[in-house]
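Open the model in your viewer and keep the selection panel at hand. We will go from stop to stop.

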Amino acid sequence: MIYVIARMELNDGCKDEMLAVLAKTVPQVLSEDGCIMYTPCLDEDEGEQDKYLTIVEAWKSRAHLNAHLAAPHMAEFREAVKDLRKNNTVKIITPAL
């Protein structure tokens, strides 16, 4: 199993639009083969809730993640959010124990 932490810094005033795009995308991702978890999260710190969005993901394997990244709905997602975020970082991690 692998985990993915995808963190986005949102453009000002774009949180609601980003959440609307994710409301469409999340069910598509959860139906993908190998997807264990795909959960958009907002920062707990009150001052950061409109600035950052993090997606916590779990996949059965790197091959499943690679298929996810190549899925047509993910290309649609990237196009839909290109003007909603300043940047994003992705960390792929594996359990240590």
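Select Met1 and show what surrounds it. Beyond its neighbours within four places in sequence, Met1 is in contact with Ile36, Ala58, Trp59, Lys60, Thr94 and Pro95. This is a predicted model. Met1 sits in the segment before β1. It counts as partly exposed, because its relative accessibility is 47%. Now pick the C-alpha atoms of Met1 and Ala58: they are 7.0 Å apart, although 57 residues separate the two along the chain.

**The sheet**

Next, colour the strands. In what order do the four strands of the open sheet lie? The order is β2-β3-β1-β4, with antiparallel pairing. The edges belong to β2 (35-42) and β4, each with a single partner strand, so one side of each has no neighbour in the sheet. On average, neighbouring strands are turned by 15° against each other, direction ignored.

Walk across the sheet, pair by pair:

- Select β2 and β3 (residues 52-59): seven bridges hold this antiparallel pair. Pro40 stands opposite Ile55 in β3.
- Select β1 and β3: they run antiparallel and are joined by eight bridges. Here Arg7 faces Thr54 in β3 as its opposite residue.
- Select β1 and β4: this pairing is antiparallel too, over eight bridges. Tyr3 has Ile93 in β4 as its bridge partner.

**The core**

Now show the nonpolar side chains. How many residues make up the largest nonpolar core? The count is 22, and Met18 and Phe77 have the most contacts inside this core. The elements giving two or more residues to the core are β1, α1 (15-30), β2, β3 and α3 (72-81).

Zoom in on Met18. Leaving aside neighbours within four places in sequence, Met18 touches Met8, Leu10, Leu53, Phe77, Val81, Leu84 and Arg85.

**A buried charge**

Arg85 is buried, yet it has no salt bridge. Which side chain of opposite charge is nearest to Arg85? Glu57 is, at 9.2 Å. Around Arg85 you will find Met8, Glu9, Leu10, Asn11, Met18, Phe77 and Arg78 in contact, not counting residues up to four places away in sequence.

**The salt bridges**

Finish with the charged pairs.

Select Lys86 and Glu9. Their side chains meet in a salt bridge at 3.9 Å, N to O. The pair links distant parts of the chain, with Lys86 in strand β4 and Glu9 in strand β1, 77 residues apart. Glu9 is buried, because its value is 18%.

Move to Lys15 and Asp50. Their side chains form a salt bridge at 3.0 Å, N to O. Lys15 lies in helix α1 and Asp50 in the loop between β2 and β3, so the pair ties together parts 35 residues apart in sequence. Lys15 counts as buried at 19% relative accessibility, while Asp50 is partly exposed at 49%.

Last, select Glu79 and Lys82. Their closest N and O atoms are 2.7 Å apart, and the two form a salt bridge. Glu79 is partly exposed at 48% relative accessibility. Lys82 is partly exposed as well, with a relative accessible area of 46%.

Technical notes: Residues are numbered from 1 along each chain as its sequence is written. This is a predicted model: local features need pLDDT of at least 70, side-chain atom pairs count only at pLDDT 80 or more; totals for chains, interfaces and linings use all residues. Side-chain values use heavy atoms; hydrogens and water are left out. Buried means under 20% relative accessible area, exposed over 50%, partly exposed in between (1.4 Å probe, protein chains only). Lys and Arg count as positive and Asp and Glu as negative; His and the chain ends are not counted. A salt bridge is a side-chain nitrogen of Lys or Arg within 4 Å of a carboxyl oxygen of Asp or Glu. Contact means heavy atoms within 4.5 Å. Two strands pair if DSSP finds at least two bridges between them. Axes are lines fitted to C-alpha atoms, for helices over the stretch in contact, and angles run from 0 to 180 degrees between N-to-C directions. A nonpolar core is a set of buried Ala, Val, Leu, Ile, Met, Phe, Trp, Tyr and Cys residues joined through side-chain atoms within 4.5 Å.
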